Amino acid sequence: MTTDIVRFLDAPACATLRATVDRTLAANAVSLWRDECDSDVRIYNAERKVPEFRPLFESMLAHYTAKRGTAPNHAFLMVNRVTPKPGNQGSGNGWHRDTWISQHKVFVFLSDVGEANGPFEYIPGSNSPVAKVRDVVRYRRSLRVPEDHVRGPGTLLTVTAGEGVFFDTTTLHRGSPIREGERYAATLYAFDARGKKLQRSRERFDAM
Ligand SMILES: O=C(O)CCC(=O)C(=O)O
């Protein structure tokens with residue numbers, strides 16, 4: 001499977017966007033999502049709520065479109081800051097797939113990400129039809145897999161600020177639990193669905 005790392009931003013641009021995230025979270029003026037232990041704080045639809053993220057959204061969307069060969073029917077940007085809190089499960093709350101059939105995201109990291117500050121992690125090959133059929137049955141269609149069931153080792157994506165990847169999120173993946181520092185990232189959610197399915201996902205995410 002390919003996880004070609006691409007540079008989207010330079011270091012000063014990342015520092016500016018990190019400061020923008022900090023300011024936005026401190027101001028609490030837009031709707032935010034927080035995980036149970038307040039480790040993962042998210043701004044969904046960041047390209048609309050925080051105009052400074054519009055150019056990054058456009059370039060991530062262009063990358064997605066180039067990789068897929070076609071533009072998605074719906075897309076938005078989620079920006080998050082993850083910090084170490086007791087019991088944190090990392091960005092995305094543990095091992096999971098986004099869907100079974102077809103889903104891709106673009107992840108861009110706005111801070112350097114090493115082994116300790118919550119790197120993106122995935123299980124190579126877990127997007128194969130055989131692996132997915134096995135897990136559909138084993139987990140009764142749940143997209144989540146308990147940590148002690150995951151047969152590693154996972155591949156860790158350690159990057160410097162500004163780098164990102166286009167990724168098949170039917171692969172088992174997670175943001176690893178964060179032990180120290182902080183991690184800032186921007187994620188392009190993109191949907192190729194049509195009709196009712198597209199409408200449902202639009203409604204769900206537009207409200208966030
Ligand atoms: O941010 C990450 O490293 C992964 C997040 C994720 O998988 C999710 O939010 O679904």
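Biologist: What makes the shell around the ligand divide into two nonpolar, four polar and two charged residues?

Modeller: This is a predicted model. The residues around the ligand are Ser-91, Gly-92, Asp-98, Phe-120, His-173, Arg-174, Gly-175 and Ala-185. Phe and Ala count as nonpolar, Asp and Arg as charged, and the others, Gly among them, as polar. That gives the division into two nonpolar, four polar and two charged.

Biologist: Which strand gives the largest share of that shell?

Modeller: Strand S9, residues 173-175, with three residues.

Biologist: What makes strand S8 largely enclosed by the rest of the structure?

Modeller: A residue is buried if 20 or more other C-beta atoms lie within 10 Å of its own. Five of the six residues of S8, residues 163-168, are buried, so the strand is largely enclosed.

Biologist: How do you know that S1 and S8 pair?

Modeller: Pairing needs at least two bridges. Strand S1, residues 6-7, has two bridges with S8, in the antiparallel sense. In one of the pairings, Val-6 has Gly-164 of S8 as its bridge partner.

Biologist: How many bridges join S5 to S8?

Modeller: Five, and the strands run antiparallel; S5 covers residues 104-109. There, Val-106 has Phe-166 of S8 as its bridge partner.

Terms used:
Residues numbered from 1 in each chain as written. Predicted model: local features only at pLDDT ≥ 70, side-chain atom pairs only at ≥ 80, totals over all residues. Near = placed C-beta within 6 Å. Helix = DSSP H or I, 4+ residues; strand = E, 2+ residues; numbered from the N terminus. Buried ≥ 20, exposed ≤ 12 C-beta atoms within 10 Å, placed from the backbone.
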